[in-house]
Amino acid sequence: MKVVLFACLIAGAFARPDGDAEVLLDERVDQGDGNFKHTVETSNGIFQETVGTPGAAGQSNMVGSYRFTDPDGNVVEVRFTADENGFQPESDAIPQPPPIPEFVYELLAIAEQQRNSGVQFDDQGFEI
């Protein structure tokens with residue numbers, strides 16, 4: 001186990017794109033009750049800010065953002081919320097699926113009509 005951990009640490013050290021980055025800003029405020037704020041900025045353009053509050057289900061709810069420069073030199077920014085609904089990132093850099101074709105909505109409407117009229121299908125999709 002120690003060998004695997006050591007190998008991962010070595011691989012991570014060599015994989016860093018800028019080993020000379022310095023921490024420019026590291027501010028941490030933790031009130032001890034689940035409320036916190038954390039801001040980090042490095043000399044290679046990485047910035048991250050997170051604000052946390054206690055969640056209703058015992059989790060930490062967080063909102064924040066992070067940004068970095070991609071290999072093509074573009075600044076990528078991601079805004080996020082993490083709460084009882086999971087991690088929800090927002091960014092122009094996140095690929096979006098193509099729009100759903102209109103015929104899919106038509107097929108779903110037909111299937112709903114069939115279910116409402118009592119038509120049933122087996123596991124293979126054949127009408128019972």
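Tyrosine 105 lies in helix H2, which covers residues 102-116; helices (H or I, at least four residues) and strands (E, at least two) are DSSP runs, numbered from the N terminus. The model is predicted, and local features need pLDDT of at least 70, side-chain atom pairs count only at pLDDT 80 or more, while totals for chains, interfaces and linings use all residues. Residues are numbered from 1 along each chain as its sequence is written, and side-chain values use heavy atoms, with hydrogens and water left out.

**Sheet layout**

- Six strands make up an open sheet with antiparallel pairing, in the order S1-S2-S3-S4-S5-S6; two strands pair if DSSP finds at least two bridges between them.
- Strand S1 (23-30) and strand S6 (86-90) are the edge strands, each pairing on one side only.
- From one strand to the next, the twist averages 10 degrees; axes are lines fitted to C-alpha atoms, for helices over the stretch in contact, and angles run from 0 to 180 degrees between N-to-C directions.

**Strands S2 and S3**

- Six bridges link strand S2 (residues 36-42) to strand S3 (residues 47-54) in the antiparallel sense.
- Phenylalanine 36 has glycine 52 in S3 as its bridge partner, and histidine 38 stands opposite threonine 50 in S3.
- The hairpin of S2 and S3 has four residues between the strands, and glycine 45 there takes a positive phi near 90 degrees.

**Threonine 39**

- Threonine 39 belongs to strand S2.
- Threonine 39 counts as buried because its relative accessibility is 4%; buried means under 20% relative accessible area, exposed over 50%, and partly exposed in between (1.4 Å probe, protein chains only).
- The side chains of threonine 39 and glutamate 49 are joined by a polar contact of 3.5 Å. Such a contact is a pair of N or O atoms within 3.5 Å; within protein, one must be able to donate a hydrogen and the other to accept it, and residues adjacent in sequence count only if both atoms are side-chain atoms.

**Strands S3 and S4**

- S3 pairs with strand S4 (residues 60-69) over eight bridges, in the antiparallel sense.
- The bridge partner of threonine 53 in S4 is asparagine 61.
- Five residues lie between S3 and S4 in their hairpin, and glycine 58 in the turn has a positive phi of about 90 degrees.

**Tyrosine 105**

- Tyrosine 105 counts as partly exposed because its relative accessibility is 44%.
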